[in-house]
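Work through the exercises below with the sequence and the model side by side. Try each task before reading its solution.

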Amino acid sequence: MTNLNFNTSALDGFVKENEINEIKPFVETANDLLINGTGVSSEMRQWVDLPQDYDKKEFADIKDAAQKIRKDSDVLVVIGIGGSYLGAKMAIDFLKGSYFNNLSKDKRNAPQIFFTGNSISGSDMSELIEMLDGQDFSINVISKSGTTTEPSIAFRIFRELLVKKYGENEANQRTYVTTDANKGSLRKEVKENNFQSFVIPDGVGGRYSVLTPVGLLPIAVAGVNIDELMDGANQARINYQKASFEDNEALQYAAYRNVLYRKGYTNEIFENYEPSLRFLSEWLKQLTGETEGKDNKGIYTSSANFSTDLHSLGQYIQQGMRNLMETVVNIQKPEADQVVPNKDNNDDGIQYLEGRNLNYINEKARESVVLAHKEGGVPNMLINVEDQTPSSLGYLIYFFEYAIAVSGYLNGINPFNQPGVEDYKSNMFALLGKPGYEDLKKKLENKNN
């Protein structure tokens, strides 16, 4: 069963049929590069067949570890940055709701899950430490190299807290490491302390790693059925690798957004009408930004959460620069609903909505926005997802991973590297006095004088 539908009806007047026909051969070539492994950095495309070829024993170990954490911990602290946290956070919000951590323990039926090591804020770290007071907790540190600055700092702090609270032996039993199979500082610590560990596959980059142990352990701790998640992704894998362009939503999405890009719509806004999808957009910004933003090319992506941001960004989208396109992820069957109550008077002006379901009102808001933005010169693409189940999310994850990788090849860049990310790191290391960066520090200090 297909869990997703790609709707282009709001692109009338923006994209012509002949333009899709003209880009189609190039999309198919890019698709062949991805499927056959003949494109650049083909060694980093292990995620393509991951929903079928994942390590089944490790998968079972993840479920066992998740059960242990669920039994002995009130809180799981997940330490990681970029792809090492965005995918898991996105999935937990999507499947469990944005108020998951605020539910009572009985209703949540899982530990609270907090993400840290994704900033260098002392205040934020202190607030999380205060939250842990009096609670049993475990940590899951995620880093391939083990030397990324933000998670390395957080791991030192929370590892020290664990040891102080439980002693060395039990702290070791509450420390879970997701890292490289053979090398790196974390792998060394695993060997020295007998931490339970999971492997980040060599052929999967951070932004494509949500369906590896990077994302699966925190997601499983939240109580998600990760078998269904992988099944949904595998169904998408089967569909998109076999289907021709005419029946392939992922290839069509890559084609339409790139036709628009070539016509001057250089900024794409990922939008949703469910607060639980906010981190889906955050995950997508990394997926697209690191995949496509190279060689002075690529679509710049941002996000908007409607109807909330219609009262802030709505004015700009409607009448600002006409370089915007919109991709809306729409849930066709939301998890729950509420009804507008009746009231004796109409002081608030919404008597006409009495008895209406909020989901119905939300849908009409979405339809009205599409009409207004289309009239204002902003092309809209709609991705309809059947529901907020693990299967549908797995399907959606694979859809975006596949489409964006094809889009990268289509633009003649390497979709799987991110060389620009290292530039700021080198400057930061130099300014902080890291050994080996003395010459760069002098250059930077001279520039500032």
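This is a predicted model: local features need pLDDT of at least 70, side-chain atom pairs count only at pLDDT 80 or more; totals for chains, interfaces and linings use all residues.

**Exercise 1. Find the residue in S8 that is the bridge partner of Ile-269.**

Step 1. The partner is Ser-302. Strands here are DSSP runs of E with at least two residues, and helices are runs of H or I with at least four, numbered from the N terminus.

Step 2. S7 covers residues 267–272, runs parallel to S8 and is joined to S8 by 6 bridges. Two strands count as paired once DSSP finds at least two bridges between them.

Step 3. Contact means heavy atoms within 4.5 Å.

Residues are numbered from 1 along each chain as its sequence is written, and side-chain values use heavy atoms, leaving out hydrogens and water.

**Exercise 2. Give the strand order of the open sheet with mixed pairing, and explain why one side of S1 and of S8 has no neighbour.**

Step 1. The order of the 5 strands is S1-S10-S9-S7-S8.

Step 2. Strand S1 (4–7) and strand S8 (300–305) are at the edges. Each has a single partner strand, so one side is left without a neighbour in the sheet.

**Exercise 3. Describe the open sheet with parallel pairing.**

Step 1. Its 5 strands follow the order S3-S2-S4-S5-S6.

Step 2. The edges are S3 (112–116) and S6 (196–199), each pairing on one side only. Neighbouring strands are turned by 20 degrees against each other on average, direction ignored.

Step 3. Look at S5 (residues 175–179): 4 bridges join this strand to S6, in parallel. Thr-179 stands opposite Val-199 in S6.

Step 4. Helix H7 (residues 149–166) lies across S2 (75–79), S3, S4 (137–142) and S5. H7 runs at about 155 degrees to S4.

**Exercise 4. Which residues touch the most other members of the largest nonpolar core?**

Step 1. Such a core is a set of buried Ala, Val, Leu, Ile, Met, Phe, Trp, Tyr and Cys residues joined through side-chain atoms within 4.5 Å. Buried means under 20% relative accessible area, with a 1.4 Å probe and protein chains only; exposed is over 50%, and partly exposed lies in between.

Step 2. The core has 96 residues, and Trp-283, Leu-396 and Phe-400 touch the most other members. Helix H16 (residues 390–410) gives the most, with 14 residues.

Step 3. Beyond four places in sequence, the contacts of Trp-283 include Leu-86, Met-90, Ile-397 and Phe-400.

Step 4. Another core lies apart, with 20 residues, among them Phe-114 and Phe-158.

**Exercise 5. Why does the pair of Tyr-208 and Phe-416 tie together parts of the chain?**

Step 1. The two rings are edge-to-face, 5.7 Å centre to centre, with 65 degrees between the planes. Rings of Phe, Tyr and Trp (its six-membered ring) pair with centres within 6.5 Å; planes under 30 degrees apart are stacked, over 60 edge-to-face, the rest tilted.

Step 2. Tyr-208 lies in the loop between S6 and H10 (213–221), and Phe-416 in the loop between H16 and H17 (421–431), so the pair ties together parts 208 residues apart in sequence.

Technical notes. Axes are lines fitted to C-alpha atoms, for helices over the stretch in contact, and angles run from 0 to 180 degrees between N-to-C directions.
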